[in-house]
Amino acid sequence: MTTTATPPKDTAPSVASQTPTNVNVSTAPARGASIWTATRVIALVFTVVEVLLLVRFTIKLLGANADQPLVSAIYGITEPLVAPFRGMFAQPAGTPVVEIATLLSIVFFVLVGALIVAIVRAVTGRRGESNP
(Lines give C-alpha, C1' and ligand atoms only; values in the text may rest on other atoms or scores of the structure.)
Protein backbone atom coordinates (compact mmCIF):
# COMPACT_ATOMS: atom_id res chain seq x y z
CA MET A 1 0.00 0.00 0.00
CA THR A 2 1.55 3.18 -1.07
CA THR A 3 0.38 6.50 0.12
CA THR A 4 1.43 9.64 -1.50
CA ALA A 5 1.91 12.57 0.70
CA THR A 6 0.11 15.67 -0.39
CA PRO A 7 1.59 18.95 0.53
CA PRO A 8 -0.27 20.68 3.34
CA LYS A 9 -2.72 23.31 2.27
CA ASP A 10 -1.71 26.84 3.09
CA THR A 11 -4.71 28.07 5.04
CA ALA A 12 -3.11 31.31 6.21
CA PRO A 13 -3.14 34.19 3.75
CA SER A 14 0.18 35.60 2.69
CA VAL A 15 1.77 38.47 4.58
CA ALA A 16 1.41 40.83 1.63
CA SER A 17 -2.34 40.42 1.52
CA GLN A 18 -2.67 40.97 5.29
CA THR A 19 -1.02 44.38 5.25
CA PRO A 20 -3.69 47.05 4.84
CA THR A 21 -2.89 49.85 2.47
CA ASN A 22 -4.26 53.33 2.74
CA VAL A 23 -2.84 55.13 -0.24
CA ASN A 24 -4.80 57.67 -2.23
CA VAL A 25 -2.87 58.39 -5.37
CA SER A 26 -4.18 60.53 -8.14
CA THR A 27 -2.27 60.68 -11.37
CA ALA A 28 -4.23 63.67 -12.65
CA PRO A 29 -3.26 67.13 -11.38
CA ALA A 30 -5.76 68.96 -9.24
CA ARG A 31 -8.26 70.67 -11.52
CA GLY A 32 -8.42 73.98 -9.72
CA ALA A 33 -4.78 74.21 -8.68
CA SER A 34 -3.64 76.32 -11.63
CA ILE A 35 -6.63 78.66 -11.32
CA TRP A 36 -6.03 79.02 -7.60
CA THR A 37 -2.36 79.80 -8.26
CA ALA A 38 -3.19 82.33 -10.99
CA THR A 39 -5.66 84.22 -8.81
CA ARG A 40 -3.22 84.25 -5.91
CA VAL A 41 -0.41 85.61 -8.09
CA ILE A 42 -2.69 88.31 -9.48
CA ALA A 43 -3.80 89.24 -5.96
CA LEU A 44 -0.17 89.33 -4.78
CA VAL A 45 0.92 91.65 -7.59
CA PHE A 46 -1.92 94.08 -6.96
CA THR A 47 -1.36 93.94 -3.19
CA VAL A 48 2.29 94.92 -3.66
CA VAL A 49 1.22 97.84 -5.88
CA GLU A 50 -1.37 98.96 -3.33
CA VAL A 51 1.11 98.77 -0.44
CA LEU A 52 3.64 100.85 -2.38
CA LEU A 53 0.96 103.45 -3.06
CA LEU A 54 -0.07 103.48 0.61
CA VAL A 55 3.56 103.98 1.62
CA ARG A 56 3.79 106.86 -0.86
CA PHE A 57 0.62 108.42 0.54
CA THR A 58 1.87 108.07 4.11
CA ILE A 59 5.32 109.52 3.52
CA LYS A 60 3.81 112.37 1.52
CA LEU A 61 1.29 113.01 4.32
CA LEU A 62 4.03 113.05 6.94
CA GLY A 63 6.18 115.38 4.84
CA ALA A 64 9.16 113.08 4.27
CA ASN A 65 12.33 114.49 2.73
CA ALA A 66 12.16 113.76 -1.02
CA ASP A 67 15.95 113.94 -1.28
CA GLN A 68 16.37 110.89 0.94
CA PRO A 69 17.17 107.83 -1.28
CA LEU A 70 14.41 105.52 0.02
CA VAL A 71 11.72 108.19 -0.28
CA SER A 72 13.01 109.15 -3.72
CA ALA A 73 12.91 105.48 -4.83
CA ILE A 74 9.31 105.06 -3.65
CA TYR A 75 8.29 108.25 -5.45
CA GLY A 76 10.08 107.07 -8.60
CA ILE A 77 8.45 103.62 -8.55
CA THR A 78 4.94 104.88 -7.88
CA GLU A 79 4.95 108.03 -10.04
CA PRO A 80 3.83 106.18 -13.23
CA LEU A 81 0.93 104.70 -11.25
CA VAL A 82 -0.19 108.06 -9.88
CA ALA A 83 0.42 110.24 -12.95
CA PRO A 84 -2.86 109.40 -14.79
CA PHE A 85 -4.85 110.65 -11.79
CA ARG A 86 -2.93 113.87 -11.30
CA GLY A 87 -5.01 116.95 -12.11
CA MET A 88 -8.43 115.31 -11.82
CA PHE A 89 -9.23 117.41 -8.77
CA ALA A 90 -7.84 120.79 -7.85
CA GLN A 91 -5.25 120.78 -5.09
CA PRO A 92 -5.23 123.60 -2.57
CA ALA A 93 -2.48 126.18 -3.00
CA GLY A 94 0.76 125.46 -1.21
CA THR A 95 2.33 122.15 -0.29
CA PRO A 96 -0.15 119.30 -0.76
CA VAL A 97 -0.73 117.47 2.50
CA VAL A 98 -3.19 114.92 1.18
CA GLU A 99 -2.33 113.70 -2.30
CA ILE A 100 -5.71 112.95 -3.85
CA ALA A 101 -4.16 111.40 -6.97
CA THR A 102 -2.53 108.69 -4.85
CA LEU A 103 -5.83 107.89 -3.11
CA LEU A 104 -7.58 107.64 -6.48
CA SER A 105 -4.89 105.32 -7.82
CA ILE A 106 -5.19 103.08 -4.75
CA VAL A 107 -8.94 102.75 -5.27
CA PHE A 108 -8.42 102.17 -8.99
CA PHE A 109 -5.89 99.35 -8.50
CA VAL A 110 -8.03 97.65 -5.84
CA LEU A 111 -10.94 97.60 -8.27
CA VAL A 112 -8.83 96.48 -11.25
CA GLY A 113 -7.27 93.65 -9.23
CA ALA A 114 -10.67 92.44 -8.03
CA LEU A 115 -12.04 92.66 -11.58
CA ILE A 116 -9.19 90.60 -13.06
CA VAL A 117 -9.54 87.90 -10.39
CA ALA A 118 -13.31 87.79 -10.97
CA ILE A 119 -12.82 87.48 -14.74
CA VAL A 120 -10.33 84.62 -14.32
CA ARG A 121 -12.73 82.79 -12.03
CA ALA A 122 -15.72 83.45 -14.30
CA VAL A 123 -13.94 82.25 -17.43
CA THR A 124 -12.74 79.07 -15.73
CA GLY A 125 -15.97 78.43 -13.89
CA ARG A 126 -14.29 78.38 -10.48
CA ARG A 127 -15.53 80.40 -7.52
CA GLY A 128 -12.67 80.44 -5.04
CA GLU A 129 -12.94 76.89 -3.80
CA SER A 130 -9.69 75.01 -4.00
CA ASN A 131 -8.96 71.34 -4.37
CA PRO A 132 -6.46 70.29 -1.73
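Biologist: What pattern does the protein chain follow, read along the sequence?

Modeller: Bear in mind that this is a predicted model. The protein chain has four helices and zero strands. Read along the sequence, that gives the pattern α-α-α-α.

Biologist: How much of the protein chain counts as buried?

Modeller: The cut-off for buried is under 20% relative accessible area. The protein chain has 132 residues. Of these, the share that counts as buried is 20%.

Biologist: Are α2 and α4 roughly parallel or antiparallel?

Modeller: Two packed helices are described by the angle between their axes and the distance between the axes. Helix α2 covers residues 33-61 and helix α4 residues 100-124; their axes lie 9 Å apart, at an angle of about 180 degrees. Angles over 145 degrees count as roughly antiparallel. So α2 is, relative to α4, roughly antiparallel.

Biologist: Where does α3 bend?

Modeller: The bend in α3 is about 25 degrees. A proline, Pro80, follows the bend within four residues. The residue at the bend is Gly76.

Biologist: Which residues in α3 are buried?

Modeller: An α-helix has 3.6 residues a turn, so residues three or four places apart point the same way. The buried residues in α3 are Val71, Ile74, Tyr75, Thr78 and Val82.

Biologist: How many salt bridges does a search of the whole structure find?

Modeller: One of them pairs Glu79 with Arg56, with the closest N and O atoms 3.0 Å apart. That pair links distant parts of the chain, helix α3 and helix α2, 23 residues apart. The search of the whole structure finds a total of four.

Biologist: Is Arg56 buried or exposed?

Modeller: A residue under 20% relative accessible area counts as buried. Arg56 has 2%, so Arg56 is buried.

Biologist: Which parts does the salt bridge of Arg56 with Glu99 tie together?

Modeller: The closest N and O atoms of Arg56 and Glu99 are 3.2 Å apart. The two residues are 43 apart in sequence, so the pair ties together helix α2 and the loop between α3 and α4.

Biologist: Which residues do salt bridges that share partners join into one network?

Modeller: Arg86 forms a salt bridge with Glu79, at 3.0 Å between the closest N and O atoms. Arg86 is partly exposed, with a relative accessible area of 40%. Through shared partners, one network joins Arg56, Glu79, Arg86 and Glu99.

Biologist: Is Leu111 buried or exposed?

Modeller: Leu111 is found in helix α4. The C-alpha atoms of Leu111 and Phe46 are 9.8 Å apart, while the two are 65 residues apart in sequence. The relative accessible area of Leu111 is 56%, and the cut-off is over 50%, so Leu111 is exposed.

Definitions and conventions. Residues are numbered from 1 along each chain as its sequence is written. This is a predicted model: local features need pLDDT of at least 70, side-chain atom pairs count only at pLDDT 80 or more; totals for chains, interfaces and linings use all residues. Side-chain values use heavy atoms; hydrogens and water are left out. Axes are lines fitted to C-alpha atoms, for helices over the stretch in contact, and angles run from 0 to 180 degrees between N-to-C directions. Angles under 35 degrees count as roughly parallel, over 145 as roughly antiparallel, 65 to 115 as roughly perpendicular and the rest as oblique. A salt bridge is a side-chain nitrogen of Lys or Arg within 4 Å of a carboxyl oxygen of Asp or Glu. Buried means under 20% relative accessible area, exposed over 50%, partly exposed in between (1.4 Å probe, protein chains only). The bend at a residue is the angle between axes fitted to the seven residues ending there and the seven starting there.
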